[in-house]
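Trainee: I would like to learn how to read this structure one feature at a time. Please take me through the strands, the helices and the ligand site.

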Amino acid sequence: MKDITSSDLVAPETMRDFNAFYQKLVNRQERLYRLDDFFGMGKAWIAFRYEDVSAILKDPRFLSDRRKFASQQQSSPEKSSVNELLEWFKSMPNMLMVDPPDHTRLRRLVSKAFTPRMIEDLRPRIQQIADELLDKVVSRGKMELISEFAYPLPIIVISEMLGIPGHHQARFREWTHKLAEGALNPGQANLVQEALQEFIDYIQSLISEKRVRPGNDVISGLLQAYDEGDKLNENELLSTIWLLITAGHETTVNLIGNGTLALLQHPEQMQLLREDPTLLPGAVEELLRYAGPVMITGRVADEDIEIHGTLIRKGEMVMVSLAGADMDASRFDGPERLDITRQETDHLAFGRGIHLCLGAPLARMEGQIAFGSLMRRFPNLRLDVKPEDLAYHYSTLRSLVSLPVSF
Ligand code: HEM
């Protein structure tokens, strides 16, 4: 049994080549590793192999409710400085953080807005948004792809679905970044608290506005369900809106950013895609596998469970490495190769089991439109910095700070 530390997961060497780091761990004999202290949250286990990650995510004995995590109840010096607001943040009662039957109830309330057919209807509008963003930069011959394309595209789309006015969108980026970085850094509690308070105040004012002027949007639909009585409580309403705003853009930004970088680093694959746009759906799946935004997620054991001879005790946290699983050679032939024509598309970038990403059809379409538009409009797309000068956020998301390109 080998121990690894959570700082190994975000070390500068790891960030230089995430896939090499994960491939090395997947190829070792060990199935489960002990993590000393998962970013200040306490001891945890972590699995990297495809078979194990998939099995854990499908196993109902592994829960999503972080309140079941045993060390959550123990106090430590860091934890005593964390106030109630942060505790609430860590265990928000939205569908991602709860288990059946609450999960089933909460997911059902919004799932009708995310069916493949509903999403397909959004295609022309999403294409128009992508075109307008690219129109703004085309004469300049270059852009910072994250802030000028990858970020605004999904935030405009999810805001329109939720019924959030355009001029409010700029504030989300600052809040979500502070929260993502702060969550891994117990020393930044104040910053996190500030961002959290502003974000929550914002959602509350949005709810008040929608009460007065309801629209044909997801938030108005949730409010109606709330008003009808027993379908969701106030805390769930707030944290579901929160989840849809954050999950709806933070991850897709990185699919577009990481995916574009991967294509730029594999010009022959980019050329293939340019010549044959029918390859787009498969290319998006391969880019999700090769450079998936969500590298890690976690569960809590609901009872003592043995995995390959290791006993996981009730209340212990088990992290699963989606990025590791997608680099597993026993599942993907030559996983280190980017191959947009790959037949095995059964990646774990959207998770697995009952929490499988609700927004997957939307994210796939946004990816297809984003890559398709870049390929079509910019035949000379190239990286404007040396790859070694690119930096990633300190996060368990694979998230580029910036991506300067010219065309
Ligand atoms: C859940 C990834 C885009 C909404 C998840 C999970 C993953 C994931 C891995 C499962 C986490 C777990 O089991 O612990 C991604 C990636 C995306 C993306 C890689 C983009 C490339 C979106 C979008 C939305 C969204 C656009 C739209 C709102 C959700 C929701 C859940 C979820 C609501 C919770 C589902 C549940 O608990 O039943 N996502 N996501 N995601 N995602 Fe996404």
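Predicted model: local features only at pLDDT ≥ 70, side-chain atom pairs only at ≥ 80, totals over all residues.

Trainee: How many bridges join strand 5 to strand 11, and in which sense do they run?

Mentor: Three bridges join strand 5 to strand 11 (residues 404-406), and the two run antiparallel. They belong to an open sheet of three strands in the order 5-11-10, with antiparallel pairing. Strand 5 (142-144) and strand 10 (382-383) are at the edges with a single partner strand each, so one side of each has no neighbour in the sheet.

Trainee: What happens to the side chains along a strand?

Mentor: In a regular strand, side chains alternate between the two faces of the sheet.

Trainee: Which strands pair with strand 2?

Mentor: Strand 1 (residues 3-4) pairs with strand 2 (residues 32-35) in the parallel sense, over two bridges. In that pairing, isoleucine 4 is opposite leucine 35 of strand 2. Strand 3 (residues 44-47) pairs with strand 2 in the antiparallel sense, over four bridges. There, arginine 34 is opposite tryptophan 45 of strand 3.

Trainee: Which residue is found in the loop between strand 2 and strand 3?

Mentor: Aspartate 36 is found in that loop. To judge its surroundings, count the C-beta atoms within 10 Å: 20 or more make a residue buried, 12 or fewer make it exposed, and counts in between make it partly exposed. Aspartate 36 has 13 other C-beta atoms within 10 Å, so it is partly exposed. Leaving out residues up to four places away in sequence, aspartate 36 touches Asp3, Thr5 and Lys43. Alanine 391 is 355 residues from aspartate 36 along the chain, and their C-alpha atoms are separated by 26 Å.

Trainee: Which strands pair with strand 6?

Mentor: Strand 4 (residues 62-63) pairs with strand 6 (residues 296-301) in the antiparallel sense over two bridges. Within that pairing, leucine 63 has valine 300 as its bridge partner in strand 6. Strand 6 also runs antiparallel to strand 9 (residues 317-321), and five bridges join them. Threonine 297 is opposite valine 320 of strand 9.

Trainee: Now the helices. Is helix 11 largely enclosed or open?

Mentor: Nine of the eleven residues of helix 11 (residues 152-162) are buried, so the rest of the structure largely encloses this helix. Among the buried residues are Pro152, Leu153, Ile155, Val157 and Met161. Glycine 163 follows helix 11, and its phi is positive, near 85°.

Trainee: How do I read the packing of two helices?

Mentor: Look at the angle between their axes; 65 to 115 degrees counts as roughly perpendicular. The axes of helix 13 (residues 189-212) and helix 14 (residues 218-227) come within 10 Å and cross at roughly 80°. Helix 13 is therefore roughly perpendicular to helix 14. Leu206, Ile207, Lys210 and Arg211 of helix 13 make the contact with Ile219, Ser220 and Leu223 of helix 14. By class, the residues of this contact are four nonpolar, one polar and two charged.

Trainee: At what angle do helix 15 and helix 17 pack?

Mentor: Helix 15 and helix 17 (residues 280-291) pack at about 95°, with their axes 9 Å apart. That makes helix 15 roughly perpendicular to helix 17. In helix 15, Leu255, Asn258, Gly259 and Ala262 meet Leu287, Leu288, Tyr290 and Ala291 of helix 17. This contact has six nonpolar, two polar and no charged residues.

Trainee: And at what angle do the axes of helix 17 and helix 19 cross?

Mentor: The axes of helix 17 and helix 19 cross at roughly 110° and come within 9 Å. These two helices are therefore roughly perpendicular to each other. Leu280, Pro281, Ala283 and Val284 of helix 17 meet Arg364, Gly367, Gln368, Phe371 and Gly372 of helix 19.

Trainee: How many residues surround the ligand, and which are the closest?

Mentor: The ligand is surrounded by 25 residues, and the closest are Thr251, Gly351, His355, Cys357 and Gly359. Helix 15 (234-264) and helix 19 (360-377) each supply at least two residues of this shell. Helix 15 gives the most, with seven residues. The shell residues divide into 16 nonpolar, eight polar and one charged.

Definitions and conventions:
Residues numbered from 1 in each chain as written. Near = placed C-beta within 6 Å. Nonpolar A, V, L, I, M, F, W, Y, C, P; charged D, E, K, R; others polar. Axes fitted to C-alpha atoms, helices over the stretch in contact; angles between N-to-C directions. Parallel < 35°, antiparallel > 145°, perpendicular 65-115°, else oblique. Contact = placed C-beta atoms within 7 Å. Pairing = 2+ DSSP bridges.
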